[in-house]
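Work through the following exercises with the sequence and coordinates open. Each task is followed by a stepwise solution.

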Amino acid sequence: MRRGAGLLAAAGLAAATAACGSFEDPSIVLDLRVLAMTAEPPEVVAPFDPADPLDVELADSEICALIADPAEDRALTIAMRACGPTSSDRCDDPLRPVLDLGEQTIEDPEEAASAPRACATLEDGLGLLAVLQDSLSQDDLLGFGGIAARVELRVRPADSEPGGADEIFAFKRMRYAPQQPPERVANANPTLDGLCAVTIADSDADPVAPEACADGLDPEVPALPLGRCADVTPLVLGPGELLEIFPVEPAGVREDYVLPTFDGGVQAITENLTYAWLATAGSWSAGSTGGPRDIAGNEARLETRFTAPDDPEIIGDGLDIALWIVQRDERGGAAWFESCVRVELE
């Protein structure tokens, strides 16, 4: 079980390793952490009249957070607020406008009957306008390319006080831009068709998942189930088994877009995507994949390899391991996908 002796043993082993002089692997999630934040839409592009700059209608944006708390069974309180960019990435300057987006309490992220929504809405209105005007006043480029805002997230155990030692912070960048050039459209969040998974014999084997998944998800090739461990039937692995995972992208997910240039022209760009790989136990060959082409023009690798734990004390009667995959583009778009594997002794 998720909160059984296996998970506690894994956490204890990680802590002991850290105490011996090594750092904990950031791709292994042991305690309360914000893993990602998304906005829908992730960018707001609006028609703009230079002769009447205040006559603009901005779309509302829903801000949501992916929060993990694998070591505890407890409710969490979240609070969000928006402000202009600050050096701390927090809305902590009392002399600058801050827009309160509210506070809510959610059930335990792993144990709730359904995945809790940790969300708030950033609405068009005078409060947002004050934040954007403040951001513009701090921008040396006077909003060329867009006006930035920050949404600050604070998360704490529901039975604790704000500002306590166990409160954690994260932030999400938002961008508001005029529709210049006229063909400019707002960014959309990326997505996936699924996660192709292939077991391999050893770490020296050539990559096989990209070839196996080249034409999309194949019924003959295993796919990781999408959902929390509480909601899906996990893929079963043996101790130390090695799993190569490849994200299967739908056609057109890497958007083509245009941006204005300083000389009055237009630059056409195709997005790159990156992937962050996280789990509650085991290890990854790469915690981050994707990105731009290398200096030789080769496409960045998207796949990674997950190695299951092999310690019988950690595995116990069977260990469910939560996996998270966070997909990001280069313009603030993001999406996340949850999965689960179960490790059983042979």
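This is a predicted model: local features need pLDDT of at least 70, side-chain atom pairs count only at pLDDT 80 or more; totals for chains, interfaces and linings use all residues.

**Exercise 1.** Is alanine 281 buried or exposed, and which residues does alanine 281 touch beyond four places in sequence?

Solution. 
1. Locate the residue: alanine 281 is in the loop between β14 and β15 (283–284).
2. Buried means under 20% relative accessible area. Alanine 281 has 5% relative accessibility, so it counts as buried.
3. Leaving out residues up to four places away in sequence, alanine 281 touches Ile28, Phe306, Pro309, Leu319 and Ile321.
4. For isoleucine 28, 253 residues away along the chain, the C-alpha separation from alanine 281 is 6.0 Å.

**Exercise 2.** Which residues have the most contacts inside the largest nonpolar core, and which elements each supply at least two of its residues?

Solution. 
1. The largest nonpolar core has 37 residues, with the most contacts made by Leu224, Ile245, Trp284, Phe306, Ile321 and Leu323.
2. Elements supplying at least two residues each include β9 (194–200), β11 (242–248), α4 (312–315) and β18 (319–328).
3. Take leucine 323: beyond four places in sequence, its contacts include Leu224, Trp284, Phe306 and Phe337.
4. A second, separate core has 30 residues, among them Val34, Ile63, Ile78 and Tyr176.

Conventions. Residues are numbered from 1 along each chain as its sequence is written. Side-chain values use heavy atoms; hydrogens and water are left out. A nonpolar core is a set of buried Ala, Val, Leu, Ile, Met, Phe, Trp, Tyr and Cys residues joined through side-chain atoms within 4.5 Å. Buried means under 20% relative accessible area, exposed over 50%, partly exposed in between (1.4 Å probe, protein chains only). Helices (H or I, at least four residues) and strands (E, at least two) are DSSP runs, numbered from the N terminus. Contact means heavy atoms within 4.5 Å.
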